[in-house]
Amino acid sequence: MAQSRSMSLPNAHDAVFPIGVILILGFLWALMAAARGGDPTMEPHAFMMMGGFALGLAALVFGVFDNRFKFDSTEYDDNVIKAGVIATAFWGMVGMLVGLVIALQLAFPETFYFAELPWMGFGRLRPLHTSGVVFAFGGNMLIASSFYIVQRTCRTRLAGGIWPWFVFWGYQLFIVLAATGYLLGITASKEYAEPEWYVDIWLTIVWVAYLGVFMMTLVKRKEPHIYVANWFFLSFIVTIAMLHIVNNLAMPVSLLGAKSYSAFSGVQDAMTQWWYGHNAVGFFLTTGFLAMMYYFIPKRANRPIWSYKLSIVHFWTVIFIYIWAGPHHLHYTALPQWTQTLGMVFSVMLLMPSWGGMINGLMTLAGAFDKLRTDPVLRFLVVSVAFYGMATFEGPLMSIRYVNALSHYTEWTVGHVHSGALGWNGLISFGALYCMVPWLWKRKDLYSTRLVEWHFWLATIGILFYITAMWGAGIGEGLMWRKYNELGFLEHSFIETVEMKHLAYIIRALGGGLFLLGSMLMSFNLWMTIKGRGNAVPLDQVVPAEDLPDTPTLATV
């Protein structure tokens with residue numbers, strides 16, 4: 001038996017050489033940028049990259065000489081997922097805290113304006129907040145959950161040996177470089193794509209490695225069927241790679257400096273940017289999280305998907321239609337009208353597959369709706385799907401040209417974005433974290449179900465405060481902007497619209513504060529669960545270790 005087990009312990013040295021080459025080349029480039037670049041804004045990033053690459057090389061050397069790069073192919077690679085779960089909770093609190101700060105800056109500008117601290121200005125903190133919650137919190141959640149789900153649904157260990165760890169730590173380095181770049185004023189000035197060229201190249205390397213790990217895990221699967229969640233994850237990974245590369249095509253001023261210029265200009269640049277921007281929402285914040293919905297709701301409810309055929313129709317229609325919807329961000333601009341109309345039509349068409357997916361998720365609870373009364377984790381998952389349905393109704397509505405004339409550039413758009421980001425992405429991520437932590441650390445239950453209840457209500461009330469305040473402020477703002485007096489001049493000045501929104505800004509900050517407080521309660525609850533406190537008794541104290549399953553059985557495959 002010992003011999004057969006040792007035979008199943010392949011090493012991961014095959015991955016050491018290419019990863020080592022990447023890290024050495026990165027270190028040498030960063031060293032040259034620090035020593036000979038001549039760009040003072042680049043120096044902090046060059047030293048950060050040198051430190052990150054040096055730590056990576058040290059870990060590789062230590063792992064080789066300490067003989068650590070061996071793994072049991074009969075076991076799931078859960079350590080990298082555990083690291084991803086912890087990173088998700090950490091970056092979530094950071095991103096939401098920055099969001100609360102900039103909300104307070106808008107509500108109380110005299111109190112929260114720091115003239116002597118330029119890196120604390122709204123213009124630098126706002127992209128830090130959006131990237132923090134989208135790419136740091138959401139990205140880590142997607143990577144961790146995709147690694148968890150693909151192993152369970154394929155009944156095989158993650159492919160690539162130590163490549164999943166390269167993906168994890170490489171992505172953390174990207175987050176640090178992007179975040180500090182915003183504070184230092186290093187930005188490409190593109191929405192959702194602010195990092196400069198060298199950070200974009202590093203993310204591309206990490207993302208290609210992520211795609212390779214995921215694809216090769218699917219290739220070596222032991223389950224003949226590819227579960228629908230993996231199709232959604234694959235569409236998210238492949239499309240984001242395409243969007244990222246095309247939108248960030250640029251020419252650097254110097255190969256050792258920070259500044260670059262986009263390969264596109266004028267209306268072509270705007271079209272490319274919003275082809276990227278809307279599909280970053282469509283594939284980063286939608287299809288990847290739909291994969292979570294198709295796994296965690298059936299698992300938590302212990303019910304099969306209501307309609308597997310509908311899930312396949314949902315997949316193909318969403319990925320075909322979503323990619324064409326970006327031009328609706330450019331109504332009433334220099335973009336040709338036929339292109340604007342095309343984006344509007346495809347956006348309206350999106351309502352059908354989106355609501356089909358929502359119905360599929362909700363109806364999975366058919367015969368088990370009573371569990372919503374007793375299981376707050378399932379409540380997170382199900383209410384998130386309701387917010388998904390609401391956001392995917394509101395989005396097509398706002399894409400209609402004449403509705404857009406009222407809503408665009410107003411707080412209504414902010415309310416719409418956050419109903420999706422907080423209600424859909426946030427709540428389903430919280431539910432997935434509450435599911436994964438006891439399963440990964442083999443705990444009987446969460447530390448405290450009561451804290452989950454508190455978190456649910458704090459988050460839900462916070463979202464409602466936020467989006468209703470922004471909806472009211474946005475519609476009022478749009479109506480004020482289109483009101484003319486008898487002489488044909490605008491009835492209201494810009495500052496009057498700002499004054500009108502003051503109370504809404506205060507309510508928005510209150511809602512964001514409640515949402516952040518709930519996230520902090522979740523992080524405490526998860527940490528105590530990991531430590532095995534309260535109800536989180538280790539399973540080997542409840543069930544004999546030899547009788548423990550490797551993972552909960554997958555009822556949906």
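Biologist: Which residues does Ser 131 touch, not counting residues up to four places away in sequence?

Modeller: Keep in mind that this is a predicted model, where local features need pLDDT of at least 70, side-chain atom pairs count only at pLDDT 80 or more, and totals for chains, interfaces and linings use all residues. Residues are numbered from 1 along each chain as its sequence is written, and side-chain values use heavy atoms, with hydrogens and water left out. Going by contacts (heavy atoms within 4.5 Å), the residues it touches are Ala 136, Tyr 182 and Glu 194.

Biologist: Which side chain makes a polar contact with that of Ser 131?

Modeller: Polar contacts are N or O pairs within 3.5 Å; within protein, one atom must be able to donate a hydrogen and the other to accept it, and residues adjacent in sequence count only if both atoms are side-chain atoms. Look back at the list of touching residues, which includes Tyr 182. At 2.8 Å, the side chain that pairs with Ser 131 belongs to Tyr 182.

Biologist: Moving down the chain, which backbone oxygen does the side chain of Asn 525 reach?

Modeller: Asn 525 is in helix 19. Its touching residues, leaving out those up to four places away in sequence, are Tyr 434, Tyr 447, Ser 448, Leu 451 and Val 452. Reached at 2.9 Å by the side chain of Asn 525 is the backbone oxygen of Ser 448.

Biologist: And what is the relative accessible area of Asn 525?

Modeller: Helix 19, where Asn 525 lies, spans residues 502-531. Asn 525 counts as buried because its relative accessible area is 0%.

Biologist: How far apart are the C-alpha atoms of Ile 319 and Thr 239?

Modeller: Ile 319 belongs to helix 10, residues 308-322. Beyond residues up to four places away in sequence, Ile 319 touches Ser 235 and Phe 283. Thr 239 is 80 residues from Ile 319 along the chain, and the two C-alpha atoms are separated by 9.2 Å.

Biologist: Which element of the protein chain has the lowest mean pLDDT?

Modeller: pLDDT is the predictor's confidence in each residue, from 0 to 100. Across the protein chain the mean is 91, and 94% of the residues reach 70 or more. The highest mean among the elements, 97, goes to helix 19, while the lowest, 38, goes to the element at residues 2-7, helix 1.

Biologist: How many contacts does the stretch of residues 1-10 have beyond near neighbours in sequence?

Modeller: Helix 1, residues 2-7, has that lowest mean of 38. Over residues 1-10 the pLDDT is below 50, and the contacts in the model beyond near neighbours in sequence number 14.

Biologist: What about residues 544-557: how many contacts beyond four places in sequence does the model have there?

Modeller: Treat this stretch with the caution its scores call for: pLDDT stays under 50 over residues 544-557. For these residues, the count of contacts beyond four places in sequence is 25.

Methods:
Helices (H or I, at least four residues) and strands (E, at least two) are DSSP runs, numbered from the N terminus. Buried means under 20% relative accessible area, exposed over 50%, partly exposed in between (1.4 Å probe, protein chains only).
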